[in-house]
Structures are given as structure tokens and as C-alpha cells.
Amino acid sequence: MRVQKTILHKIQKTEWGGRIVSNERYRAIVPVGWAAGLNLAYALYHGALGLAHHSIWFLASCVYYILLSAMRGAAVLGLRKGGVEKQRTLMWLTGVLFCVLSVVLIGIVYISLLEDVAMAYDEILMITIAAYTFAKISWVIVNAVKARKRRAPLSAITQTIRMMEAAVSVLTLQRSMLVSFSDGTGVDAYTMNLMTGAGVCLFALVLGVWMMRSSKRKGDDWDGKIEACKGE
């Protein structure tokens with residue numbers, strides 16, 4: 001406990017540390033900003049592989065991570081300087097990016113089915129990955145319920161991004177499990193991957209349309225929640 005208090009005290013003494021500890025708004029920026037940077041790093045990694053191996057699949061994955069990074073970057077911008085109209089604009093822009101993302105995912109799913117792109121793992125590692133994925137989904141659901149109570153637009157942006165990542169994780173998990181526990185080929189495997197892939201692409205489109213419509217919504221306590229988020 002003493003060590004924790006000492007570390008916390010030292011953090012509070014710095015300008016940014018004091019803001020993060022005492023201000024809920026700045027505490028929200030840190031994980032979102034970190035995730036945006038991580039998405040950008042993944043984008044650069046996949047882009048480099050795509051150029052090196054002349055792989056359309058890696059390049060499509062690069063675009064996917066760039067879009068995730070851009071959406072999270074918009075959320076950080078809104079958290080730092082989010083007025084009412086700016087938050088509405090950012091939410092609408094994120095919705096547009098989700099619609100673009102659905103098209104990118106269609107390309108990724110198509111290429112994955114065409115070239116049988118999937119990573120095989122041994123049984124123990126595959127079970128570990130599956131457990132992590134389901135834990136991630138549970139965490140996203142719990143946070144989505146909490147965010148629904150707040151009904152703040154920036155919270156909606158971050159939660160929809162997490163839901164989209166969870167959906168893509170399910171698709172990746174399914175493909176890996178099929179090639180890890182069987183040969184991953186055949187009509188049944190192809191049909192499962194096609195249906196799940198189509199569902200994920202449709203999910204991205206639905207989220208995008210929902211966010212664009214929600215950004216224009218007025219009435220109830222929506223505007224009040226925007227103001228409350230601004231003042232945190």
C-alpha cells in the first residue's frame with residue numbers, strides 16, 4: 001500500500017499525471033489513445049508485410065487498422081476539445097468510417113475465403129486464444145451496458161469500436177479453430193466462414209448507419225449528456 005501511495009503521489013506531482021488522476025475525462029483519453037496508437041502500429045506492420053509480399057490481404061488488413069486508429073483518434077479529439085456540434089460531427093464521421101470499414105471487411109473476408117487465409121495453432125494455444133476472445137466479448141458487453149446508462153456520444157463511439165473489434169475477433173477465432181482442429185476445408189467450413197464473415201460485414205454497416213442517425217438525434221437528454229461529457 002505504501003508503494004502504491006508513493007507512486008500515486010509522484011504521478012500526481014506531474015502536470016499530466018495530476019490531470020489523469022483527478023480528471024475523469026483525461027483518464028478516458030489514456031486507454032483510447034493507447035489503443036489508437038496500437039492500431040496504427042498494427043496498420044504499419046500489415047502494410048509493410050503487404051508491400052514486401054505483394055499481398056492484397058495484408059494491405060486490406062492495413063486499411064482496417066488505419067480506420068480503427070482514425071476512429072479512436074477522433075474520440076480522443078472529442079474528449080479533449082469536445083463541444084456539442086463537434087461531438088455530433090465526430091459521431092457522424094465515425095459512422096461514415098464504419099460504413100467504409102464494412103466494405104474493407106468484405107474484401108478481407110473474400111480474400112480469406114479465396115486464398116484460405118487462416119492461422120493454425122496447437123490445441124492448448126487455441127483453447128487459450130478462445131478463452132481470451134470470449135473474455136474480451138464479455139468485457140465488451142459489460143462496458144456496453146454501462147455506456148448505455150450514460151448515453152454520452154463519445155462513450156458510444158468507443159463502445160461501438162470495441163464491439164466491432166470483438167466481432168472481427170470471433171470471425172478470426174472461427175477460422176483458426178477450423179484449421180486447427182480440422183483441415184479447415186470443405187463445404188461446411190466454407191459455408192460457416194462465409195456466413196460469419198457476411199454477418200460481421202453487415203454488423204459494421206448497421207453500426208455505421210446507427211451512429212450517423214444517432215448523431216442527428218435531438219430531444220430526450222442527448223444534448224444534456226453531451227454537455228455533461230464536455231464538462232467532465
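## Close-up views of a predicted model

**View 1. The largest pocket holds about 1600 Å³ of space.** Welcome to this predicted model; we start at its largest pocket. The pocket is lined by 44 residues, and those closest to its centre are Y65, K136, V168, S169 and T172. Helices α3 (24-53), α4, α5 (84-115), α6 (123-150) and α7 each give two or more residues to the lining.

**View 2. The pocket lining, sorted by residue class, has 29 nonpolar residues.** Alongside these you can look for 10 polar and 5 charged residues in the lining of the largest pocket.

**View 3. E165 and R72 meet through their side chains in a salt bridge.** The N to O distance here is 2.6 Å. This pair joins distant parts of the chain, with E165 in helix α7 (residues 153-181) and R72 in helix α4 (residues 56-81), 93 residues apart. Are the two partners buried or exposed? Both E165 and R72 are buried. A search of the whole structure finds 1 salt bridge.

**View 4. The largest nonpolar core brings together 36 residues.** Y64, F98, L101, L105 and M164 are the members that touch the most others in this core. The elements that supply two or more residues to the core are α3, α4, α5, α7 and α8 (187-215).

**View 5. A closer look at L101 and its contacts.** Which residues does L101 contact, leaving aside its neighbours within four places in sequence? They are Y64, L67, L68, M71 and M164. L101, Y64 and M164 are also among the core members that touch the most other members.

Methods:
Residues numbered from 1 in each chain as written. Predicted model: local features only at pLDDT ≥ 70, side-chain atom pairs only at ≥ 80, totals over all residues. Heavy atoms only, no water. Salt bridge = Lys/Arg side-chain N within 4 Å of Asp/Glu carboxyl O. Helix = DSSP H or I, 4+ residues; strand = E, 2+ residues; numbered from the N terminus. Buried < 20%, exposed > 50% of the residue type's maximum accessible area, 1.4 Å probe, protein only. 1 Å grid on protein atoms, 1.4 Å probe; cavity = no way out; pocket = protein on both sides within 12 Å on 5 of 7 lines; lining within 4 Å. Points joined across faces, edges and corners; volume = space filled by probe spheres on them. Nonpolar A, V, L, I, M, F, W, Y, C, P; charged D, E, K, R; others polar. Core = buried A, V, L, I, M, F, W, Y, C linked by side-chain atoms within 4.5 Å. Contact = heavy atoms within 4.5 Å.
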